[in-house]
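Please open the structure in your viewer and keep the selection tool at hand.

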Amino acid sequence: MKTFMKLLITSAILILLVTSVSSGQTPVKKQFKATQISTPPAIDGILDEDIWQSGSWVDDFIQYEPYNGSKSSQKTGFTILFDEDNLYVAFKAYDTNPDSIVNRLTRRDDADGEQVAIIIDSFHDLRTGFLFGVSSAGVKFDQMFTDDGQDQDASWDPNWWVKTSLNNEGWVAEMKIPFNQLRFDKNSGDVWGLEMYRKLYRKNETSLWQHIPKDAPGLIHLFGDLDGLEKIKPHKILDITPYGVAQAETFKAEPDNPFTKDGKKFGLNGGIDAKIGVTNNMTMDLTINPDFGQVEADPSEVNLTAYETFFAEKRPFFIEGNNITNFNIGVGDGNVGNDNLFYSRRIGRNPHGDPDLEEGWHSDVPKFTPILGAAKLTGKTKDGLSVGFVEAVTSEVEARVDTAGGRISENVEPLTNYLVGRVQRDFKEGNTILGGIFTSTNRNLDDNLASFMHKSAYTGGLDFTQYFRDKKWMFNLNAAMSQVNGTKDALKNTQMSSARYYQRPDNDYTRFDTTRTSLTGSGGRMQIQKLDGHFNMMGVISWKTPGFETNDIGYLREADQILSVFWVGYHQWNPKGIYRNYNINTDVYALNNFGGDLTGKGFEFNMNMTLKNFWEVQIGGNLEGSNLSNGKLRGGSMMKLPGDINVFGWISTDRRKKLVTEFSFQTLKGFQNNSSGYNCKMELEYKPTNFISFNISPAYSKSFNDLQYVTKVTYNGNDKYIFASINQKTLSASLRANLNVSPDLTLQYWGQPFISSGKYYDHKYIIDPLANEYSDRFHTYSIGEITYDTDHYNIDQNADSNSDYTIDNKSFNVQEFLSNLVIRWEYNPGSTIYLVWSQTRSYSGKIGTMDVFDNLGDLFDKDNNTPHNMFLIKFSYRFSLN
């Protein structure tokens with residue numbers, strides 16, 4: 001707790017120092033007046049209609065990078081027109097070398113080559129922006145900016161029209177943006193925020209109409225003004241998109257299993273998606289029986305830790321607008337940075353129950369929990385109130401069981417309701433922000449599921465953000481509380497989980513209560529940060545009490561933790577000498593538990609640089625001191641572990657070229673030779689034409705760990721924690737191919753072969769986890785104490801020639817191949833056809849050593865390893881009813 005108090009005092013001092021910071025000059029805001037028209041132009045990308053000459057054309061763009069504040073090297077003109085229903089935008093991207101224009105076809109939101117865009121702050125809250133962009137090849141990209149541009153949501157996909165064309169003077173873009181795709185109040189058209197953007201690809205030059213200094217703390221509040229829209233009226237959106245799916249699966253036939261004896265399965269499915277304008281600035285998204293068969297699978301992995309792997313959300317309904325429901329209490333990125341009160345992957349998760357099978361019985365367990373329906377309400381009022389609500393209901397899932405004498409069913413996932421409510425209100429032109437969040441999970445449990453699942457779970461939080469001195473300094477506080485409720489057995493499991501380990505024998509600051517039916521806790525994050533200029537710094541503390549539990553609808557890796565970090569960084573964006581820009585970052589951190597123990601400390605450093613030839617390089621490292629682990633023994637006492645040093649590097653060639661090469665490496669070494677490892681990865685991307693690209697990313701890792709957890713056994717009435725040394729090797733590759741027939745018709749292929757092996761040896765048990773000498777903390781079994789027998793080890797600890805207990809052989813071989821082929825045609829904005837082929841191959845063994853060709857042979861042996869194939873066609877059509 002001393003660390004906690006120190007950071008509180010430090011934060012208070014820094015806040016006081018803010019008032020003495022001088023503020024720099026803000027660029028004068030430009031104004032552009034849109035022109036009203038009565039006859040709309042044809043959107044063909046030509047700009048040959050006289051109506052385009054009725055508006056005023058502006059061409060005073062300023063570089064944002066690389067030479068911030070300098071005049072753009074190529075002229076860019078634009079104008080804006082409007083009628084009752086739409087905003088019309090035209091760009092003329094002049095180029096003195098039109099033959100050098102890079103005109104690459106890609107998929108939507110993955111634009112490559114020359115680009116232009118308009119960004120509109122229709123709320124005029126100085127915090128929110130809507131970007132509509134296009135490449136010279138006609139590929140759309142659109143984003144929603146929030147938090148003054150600090151957060152970008154590329155999953156936002158409004159329905160709008162755009163065409164482009166090339167000519168002797170450069171290229172042009174012609175856009176039609178329906179007002180019902182924007183959010184604004186009646187009479188809010190007096191002034192909108194406006195920014196115009198151009199990217200000159202061959203020079204990697206970004207230019208803006210309204211100049212924004214490179215060191216500006218935020219973006220949206222510095223936009224120029226768009227005038228002339230006083231007479232427009234908000235349009236409520238009403239889009240209904242029904243869909244239908246036909247699916248076929250083939251897999252290995254098992255004659256003795258009635259569920260898989262044919263080796264094939266067919267199905268039909270359907271549902272409805274809708275987008276409804278509840279008010280002028282509030283939109284509700286609805287989905288009934290959604291299908292996500294076109295979504296790419298998660299990458300393969302072998303997780304030997306006690307902690308759940310975090311996987312990114314890929315389902316469109318939950319991605320779009322997820323920044324609104326975000327309530328992060330983590331720090332940075334990686335494991336610690338993922339902690340959040342809302343983790344949408346919980347909705348529709350894999351069923352967590354398993355049917356109780358007897359010998360000779362077979363079961364059919366669905367892989368995913370169907371989502372019966374979900375609703376999402378998002379928007380922002382003219383008074384600065386942002387709202388985000390998500391409500392979802394998932395169905396009860398039953399496993400079918402064949403008992404050889406009949407059929408029975410067993411629940412493996414209950415009917416569940418999920419709710420997330422998020423509100424924020426900004427004051428004083430976005431300089432003060434106050435918000436809150438509430439989440440709930442409620443399940444309809446039977447006796448079996450109630451033994452390990454929570455009946456209900458709730459979290460609530462408040463957040464406060466204050467900007468100082470023209471937003472050059474920021475103070476933020478996020479604080480949350482949680483409560484879970486359930487049976488004694490369920491709460492016993494919660495207390496014993498890897499997130500907290502209440503049962504640790506040396507845990508004298510929490511109480512392990514087997515009669516408990518609820519558990520409460522709190523967590524949060526407080527930070528103060530300097531945002532402007534070349535030099536930046538941040539002090540942050542995050543805490544999660546032992547009873548804090550959010551995993552029913554959120555993500556929490558580890559509770560019982562206080563993390564303190566002080567970070568400083570330097571950013572140089574003015575090109576000079578061999579570089580175009582570079583960043584230097586360093587931080588020190590300390591980790592405590594709520595018993596007052598210093599469980600970790602370290603120092604991190606990294607530097608990245610973009611060179612004049614557009615190559616990029618990065619190098620960094622981490623020095624971690626000896627630490628006390630709450631979870632090394634997975635419920636046993638804390639254990640003292642040696643520190644280590646970690647070094648990494650990365651280099652990439654010019655990304656503008658047809659052939660791009662990347663190489664990265666990472667190496668780790670424990671100070672007591674207790675661990676070591678390295679991994680390296682190469683990525684090759686080749687674009688032989690403007691509409692085809694190939695990417696291959698092979699990776700290899702090798703690691704050694706002297707203390708890999710194996711199991712816990714009881715001997716002579718005492719618990720023994722068994723560990724082993726492990727050598728692990730992993731070889732994988734990601735293969736991608738993209739064929740873009742047009743901006744709306746694309747073919748994408750992704751495949752991943754994955755081979756991993758782990759050899760366990762030199763088994764040992766812990767004798768004194770806190771001994772000063774590393775070698776005194778465990779005893780390695782001698783040859784006379786341990787013998788191998790088929791698939792396990794016999795342990796004769798008292799030397800009486802009889803086995804006292806056994807240890808399973810944990811050595812493993814895992815081979816997988818995942819692939820996904822998707823043809824996508826957006827034949828009308830918001831209406832799509834998908835053709836999908838997915839394949840999964842898997843093989844496993846217990847040899848523990850890697851033989852690449854033999855392992856691949858096992859994986860692709862057509863006689864002994866039949867793949868699981870899924871074929872589907874999905875058709876959707878958007879009806880616009882407004």
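A salt bridge is here a side-chain nitrogen of Lys or Arg within 4 Å of a carboxyl oxygen of Asp or Glu. The model on display is predicted, and a search of the whole structure finds 35 salt bridges in it.

**First stop: a pair between two strands.** Select Lys-275 and Asp-285, which form a salt bridge whose closest N and O atoms are 2.6 Å apart. Lys-275 belongs to strand β16 (residues 264-277) and Asp-285 to strand β17 (residues 282-288), so the pair ties together parts that are 10 residues apart in sequence. Asp-285 is buried, its relative accessible area being 10%.

**Second stop: a pair between two loops.** Next, select Glu-308 and Arg-346, whose side chains meet in a salt bridge of 2.8 Å, N to O. Glu-308 is found in the loop between β17 and α2 (316-319), and Arg-346 in the loop between α3 (334-337) and β18 (362-364), so parts that are 38 residues apart in sequence are tied together. Is Arg-346 buried or exposed? At 9% relative accessibility, Arg-346 is buried, whereas Glu-308, at 38%, is partly exposed.

Select Arg-108, Asp-142, Asp-157, Arg-824 and Glu-826, which are linked in a network of salt bridges.

Now display the open sheet of five strands, which has the order β2-β4-β5-β11-β10 and mixed pairing. Its edge strands, β2 (35-36) and β10 (161-167), each pair on one side only. Then select β4 (residues 76-82) and β5 (residues 86-94), which run antiparallel and are joined by seven bridges. Thr-79 stands opposite Ala-90 in β5.

The largest nonpolar core has 37 residues, of which Phe-78, Ile-80, Ile-118, Trp-192 and Met-196 touch the most other members. At least two residues of this core come from each of β4, β5, β6 (115-121), β7 (129-135), β11 (170-178) and β12 (192-200). Centre the view on Trp-192: leaving aside neighbours within four places in sequence, its contacts include Ile-120, His-124, Phe-179, Phe-184, Leu-226 and Ile-232. Finally, select Leu-341, Ile-437, Phe-548 and Ile-553, which are among the 19 residues of a second, separate core.

Key
Residues are numbered from 1 along each chain as its sequence is written. This is a predicted model: local features need pLDDT of at least 70, side-chain atom pairs count only at pLDDT 80 or more; totals for chains, interfaces and linings use all residues. Side-chain values use heavy atoms; hydrogens and water are left out. Two strands pair if DSSP finds at least two bridges between them. Helices (H or I, at least four residues) and strands (E, at least two) are DSSP runs, numbered from the N terminus. A nonpolar core is a set of buried Ala, Val, Leu, Ile, Met, Phe, Trp, Tyr and Cys residues joined through side-chain atoms within 4.5 Å. Buried means under 20% relative accessible area, exposed over 50%, partly exposed in between (1.4 Å probe, protein chains only). Contact means heavy atoms within 4.5 Å.
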